[in-house]
Amino acid sequence: MSATTAEDPTTKGTDAAGRCMVRGSYRMKFNRGIWISTDGAHLYIRSGEGMKRQWPQNFLSSGEATLRMAGKSIKVKPRHVTDPDEARATSRIAREKYGSFIKPSKPGEPLTKGEQAVFELLPG
């Protein structure tokens, strides 16, 4: 299986042309829908459209990825965040970076699409 590649050379999660790239058995460029954030100890990536996008499904099936950042390729293992409290915490982290249109779900509510498609990127 092909690894998935996400490029994030800037603090906004896009390349110089405003795109992120995800590679696997397919190749797709897009202007939004992929969010990369950190709490200082963990690096998270999420799909704003949830698990219906192909790249989160590829993360689950391949179990490996390459993050391209600042001209470097870094092998990572994506860990799907399934704990609701941790998923909500990643929404708060992403909200700090990307703005108030990211709305974390509240305890007892269903997780948002983005919260359902959060992965921590671990050293691979």
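Reader: In what order do the elements of the protein run from the N terminus on?

Author: This is a predicted model. The protein has three helices and eight strands. Read from the N terminus, these elements run β-β-β-β-β-α-β-β-α-α-β.

Reader: Which residues of helix α1 are buried, and why do they lie on the same side of α1?

Author: Helix α1 spans residues 54–62. The residues in question are W55, P56, N58, F59 and S62.

Reader: Which element gives the most to the largest nonpolar core?

Author: This core has 14 residues, and those with the most contacts inside it are I45, W55, F59, Y98 and L121. Two or more residues each come from β4 (34–38), α1, β6 (65–69), α2 (84–98) and β8 (118–123). With three residues, the element that gives the most is β4.

Reader: How many residues has the other core, which lies apart from it?

Author: Among the residues of this other core are Y44, V81, I93 and V118. The number of residues in it is five.

Reader: What share of contacts between residues at least 6 apart in sequence join residues at least 24 apart?

Author: The protein has 124 residues, and buried ones make up 41% of them. Of contacts in the protein between residues at least 6 apart in sequence, the share that joins residues at least 24 apart is 57%.

Terms used
Residues are numbered from 1 along each chain as its sequence is written. This is a predicted model: local features need pLDDT of at least 70, side-chain atom pairs count only at pLDDT 80 or more; totals for chains, interfaces and linings use all residues. Side-chain values use heavy atoms; hydrogens and water are left out. Buried means under 20% relative accessible area, exposed over 50%, partly exposed in between (1.4 Å probe, protein chains only). Helices (H or I, at least four residues) and strands (E, at least two) are DSSP runs, numbered from the N terminus. A nonpolar core is a set of buried Ala, Val, Leu, Ile, Met, Phe, Trp, Tyr and Cys residues joined through side-chain atoms within 4.5 Å. Contact means heavy atoms within 4.5 Å.
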